[in-house]
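User: Could you go through this structure with me?
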Amino acid sequence: MDTLKFVALSCLAWACGSSAVAAPQGDAEAGRVAFAAACARCHQVGPSARAGFGPQLNGIVGRRAGATTDHRYSAALKNSKIVWTEQSLSRFIKDPEGTVPGTSMRFFGLGYTDRKVTDLVAYLRTYPPLQGRAKQQP
Ligand code: HEC
């Protein structure tokens, strides 16, 4: 009985809790379209993704800012100590310079609705971190 209680409690505090507080689900398919239109000229995702004008974005939710090894980041982003969450990612997409002053991501997300940003984040979540390649520090 005690064990069960413990499992239930840790579930609340940890695994189940984290999905329970997740942002409203976005539409990953709409996010794919938005990504292709607004992000893909600088960013890649998928098994063969590498840095282009910007860093590859596999596994970006949960990743430390500035952590890929094949992109030269601005000192601002590298030193920002951000770990990307849905919230910080959404803020950055809407306003890169306002979120990380001095970032080299020159992109004007102005006009992005919250809906579109949620969709973008839902799309990015479908790409897990690259496995078995030294592209990303843990
Ligand atoms: C004009 C090119 C360009 C466009 C368009 C662009 N980015 Fe970026 N992005 C960059 C660059 C360059 C960086 C690295 C910034 C730095 O080092 O300060 C970056 C960094 C990022 C990061 C942080 C990555 C990390 O490893 O910490 C995220 C997340 C990101 N971009 C998401 C997006 C999304 C989503 C879009 C589309 C809405 C987008 N970007 C559009 C150039 C771009």
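User: Is arginine 115 buried, partly exposed or exposed?
Analyst: Arginine 115 is partly exposed, with a relative accessible area of 48%; buried means under 20%, exposed over 50%, and partly exposed in between, using a 1.4 Å probe and protein chains only. Keep in mind that this is a predicted model, in which local features need pLDDT of at least 70 and side-chain atom pairs pLDDT 80 or more, while totals for chains, interfaces and linings use all residues. Residues are numbered from 1 along each chain as its sequence is written, and side-chain values use heavy atoms, with hydrogens and water left out.
User: Which residue does arginine 115 form a salt bridge with?
Analyst: Its partner is aspartate 119, with the closest N and O atoms 3.0 Å apart; a salt bridge is a side-chain nitrogen of Lys or Arg within 4 Å of a carboxyl oxygen of Asp or Glu.
User: And is aspartate 119 buried or exposed?
Analyst: Aspartate 119 counts as buried, at 7% relative accessibility.
User: How many salt bridges does the structure hold?
Analyst: There are five, including one between glutamate 29 and arginine 32, whose closest N and O atoms are 2.8 Å apart.
User: Switching to the ligand, what does the side chain of histidine 43 do there?
Analyst: An N or O atom of the histidine 43 side chain is 2.7 Å from a nitrogen atom of the ligand, and a polar side-chain atom of tyrosine 73 lies 2.7 Å from a ligand oxygen atom.
User: What about tryptophan 84?
Analyst: An N or O atom in the tryptophan 84 side chain is 2.9 Å from an oxygen atom of the ligand.

How values were computed
Polar contact = N/O pair within 3.5 Å; in protein donor to acceptor, adjacent residues only side chain to side chain.
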